[in-house]
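Subject: Structure handover

Hello,

I am passing a structure on to you.

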Amino acid sequence: MLVEDLTGNIVNIRAVMKNSSDLILKYAKVCGIEVCVLSCDGQTDANKLANLVYRPLSELGTDGGDMTPGRLAAMISGELLIACDGKSVCSAEDVVNAIMNGFCVILVNGFDAGYAVGVQGFQTRSVTQPENHRNIRGAREGFVEALHTNMSLVRRRVRSPELTFTAMTVGKTSKTEICVCRMESADKALTDKVIRQLETLPLSLILESGYIQPFLEKKHPLFSAVGATERPDVFVSKLYEGRVGILVDGSPFALYLPKLFAENFMMLDDYTEKPLLALFVRLIRWAAFLIAIFLPGFYAALANFHPELIPDALLRNLAAAESLTPYSILTECVILDIFYEIMREAGLRLPSNVGHAVSIVGGIVIGDIVVSAGLVGAPMLLAVAIASISGYIVSDIGEQVSFLRFGFILAGGLFGLFGLTVAAFMLCVSVCSLDSYGVPFTSPLSPFSRKSMRDLLTRSGWIALSRSEPDIYDMNGVDRQRDER
Amino acid sequence: MNGKTGYGGLAAALALSRIFTEATALPGESVEYGMQRFTVTVMSFLIAGAAYIPLLIAVKRSGGSSPVSVIAGRSKLLSGFIGVLVSVMLLFCAMETGLRSHYYASSTVFDSAPSLYFYVFTGAALLFAVHKGLEASSRTAVIVSAGLVLLMLLISAALLPVIRLNRLYPSLTDDPGTLYAQTSREFSLNCELLIFMALCGRVNGRSCRTVPLYLGVSCLALMIMTFLYFTVFGRLTPLLSLPFYTLSSVSDITLLHRINGIDAMIWVMAGILRLAFAAFAFREIVRECFTRGKAADVAALVFAAVSLGSAELFTVYPELYSISSRMMSSGMPLLLTAVIIPSLALACGAGKEKGT
């Protein structure tokens, strides 16, 4: 607790902060009483601090007259300082928390409480177009690292009390601010459960929303039933469907849950195009997903074990190309896939100007040379290249697609279609076993919901969609009460 | 592992299981793909529909609980006796499914996979499905069913030019004896009655809807398959042992010269699902009649492994298969699931009401 002795308070606060050098103390004599303004270097805006705190204090003058510490403190908190955010602090820990969050704290000698004034002013990135979730039409705004900016981006899209924010602080050491967002239509039990889980997070340091994601989902080696988006418009549409959203300070990725598998194939642009075009594009995405994970493995299985399934003319071409290469089909396929993954990983981490060079070296030099040098067959290169490009279409699950493709190459190349069948079956069972807060990950495909089909493979027109409110729980076999995991 | 499933998922699994037996006929079976097939299918489904009625009444009366659980609530001795009988039939059903899957795999495009591979990989997939539980397996069944529908569409589209409607003609009443034999054989393949009886307590409400959906969908699918056989192969149809596989072997979708690879994939998955559902049914029986808790889960895993592993026994000892086949086609499963167990459940339910 704070005491009346200013020096004692400062000693305590320094001890709590372990004498950290970013603690700034400004002493002044106001109305004959010693006052100290505490702030944290880099967390405050110098202009705000000068205009909202130092100037009003200096205008009071140094002569005291009959001013008492209690009266001065009351004057500072009640009459003098005009700030949008102000609160009383009563302990050294509260003072430290406040200054770490961009407040400055005014302590008056002879008074056992302080007053914190919000003068936050740290540097933040401005709102720009999201890097990973680009679209053709729609807003060009993406979430940024500052929580309050993100909250305003969401609020600007839903100016209604139906949208509520619940702020929390998590992480024993990082004390990260997070915000749980929900619409009135969201399941109350789901929201309460999410909040409970966030309150009991065992993490000390939270630097990104991905840190808390595993604590909100059921364990699965590949897929996650918690979605992440950089787009405020997508985030708001998920909230509108009754989901719960989480914004984390320091992360431009907002989380929402529950997420469905089919959502990996839906984009915001689908809703701005004509329904027929949206249907076409969605079918392409589903096909691309299947091609991305199955094509090289399927090709290896057919070429190795079941050539009779391949049309004769094509088989002759394939045989001619493969007869010139020294390695088996499986070896070629594995080598090419690993090469591709290396180039992809290199391209991801490099600066964009170097990334182009990697693309040229990888795509033209290696791609062309390995075929002309007779190391791999052109059909195999084609199969892996088509599969790789198809994987980019479903970028949200790009990593999973790469992993699965490799697994299916091994299954198909070693055991033929039989191996591919067993692997596909196990994948299917595994994905179907995943659910999030009572909502199956594979719904509304399985369990099948006829009603939800209006916005799954096809997308009905807005007139049809507007006839009923969307609801994530409005699916066959999904019971709102079944939220116990 | 202990979740519940929706009625649609269970219906899809049962329908897939039923169509699987049609598509993977064993060589010793008396199933003839003659022109009487349409009538055989309709009649066997009518009998199946009738057989489900007492079961559905018992389920409805007990508020969705399985009849076995109602009996178990009254008499442990009786439920133990019924549990043993049903378990033996489920084991035979599962062993037969394992044999069918193996025979199918070894006679089709998967013949390159040695027996050992078949048992090891299918066994691993089966144990994985049983471990993941009823809910995951029934959702998988919906996806595999969608794959089957896609396959049928592909086959139909690929064979459209060779379909001749004049190959269909009625010859159904020429040989009533064969018709009767075929119908009873067709119905005896219906292990789904046992599976539904055991699992109806595990359906999220509206469990009774499973039956009409499953029967309707399976009957329609079988009729379409039969229609395709006759319109493509005509009088040659009775000579085929695996007609649907043969049908897919002559389909050409340009991208693939033959699509029997996809056909084989679907039926291997369906076989694994059928085995998994037999294991789930067994687990329910164990849970209701013998022991609860983890022991039932372990028993289901053991059942799955044993049933697939011992399917090979049918090949080594054909007389064992004859016994199983006779038992399953003797009308015993029908008598047990359509008459005895529902009647006992109704009597137990009535007795309990009187008691309270």
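Predicted model: local features only at pLDDT ≥ 70, side-chain atom pairs only at ≥ 80, totals over all residues.

Residues are numbered from 1 along each chain as its sequence is written, and chains are lettered from A and ligands numbered from 1 in the order in which they are written.

The predictor gives the complex an ipTM of 0.89 and a pTM of 0.86.

Chain A has domain 1 (6–118), domain 2 (147–259) and domain 3 (273–433); the bounds come from an automatic or database domain assignment. Between the C-alpha centres of domains 2 and 3 of chain A there are 35 Å.

In chain A, helix 9 (residues 275–305) packs against helix 14 (residues 398–432) at an angle of about 25 degrees, with the axes 7 Å apart. Helices here are DSSP runs (H or I, at least four residues), numbered from the N terminus. Axes are lines fitted to C-alpha atoms over the stretch in contact, and angles run from 0 to 180 degrees between N-to-C directions. The angle makes helix 9 of chain A roughly parallel to helix 14 of chain A (angles under 35 degrees count as such).

Chain A gives 29 residues to the contact and chain B gives 33, where contact means C-beta atoms, placed from the backbone, within 7 Å. On the chain A side, helix 14 gives the most, with 13 residues.

Regards

Definitions and conventions
Helix = DSSP H or I, 4+ residues; strand = E, 2+ residues; numbered from the N terminus. Parallel < 35°, antiparallel > 145°, perpendicular 65-115°, else oblique. Contact = placed C-beta atoms within 7 Å.
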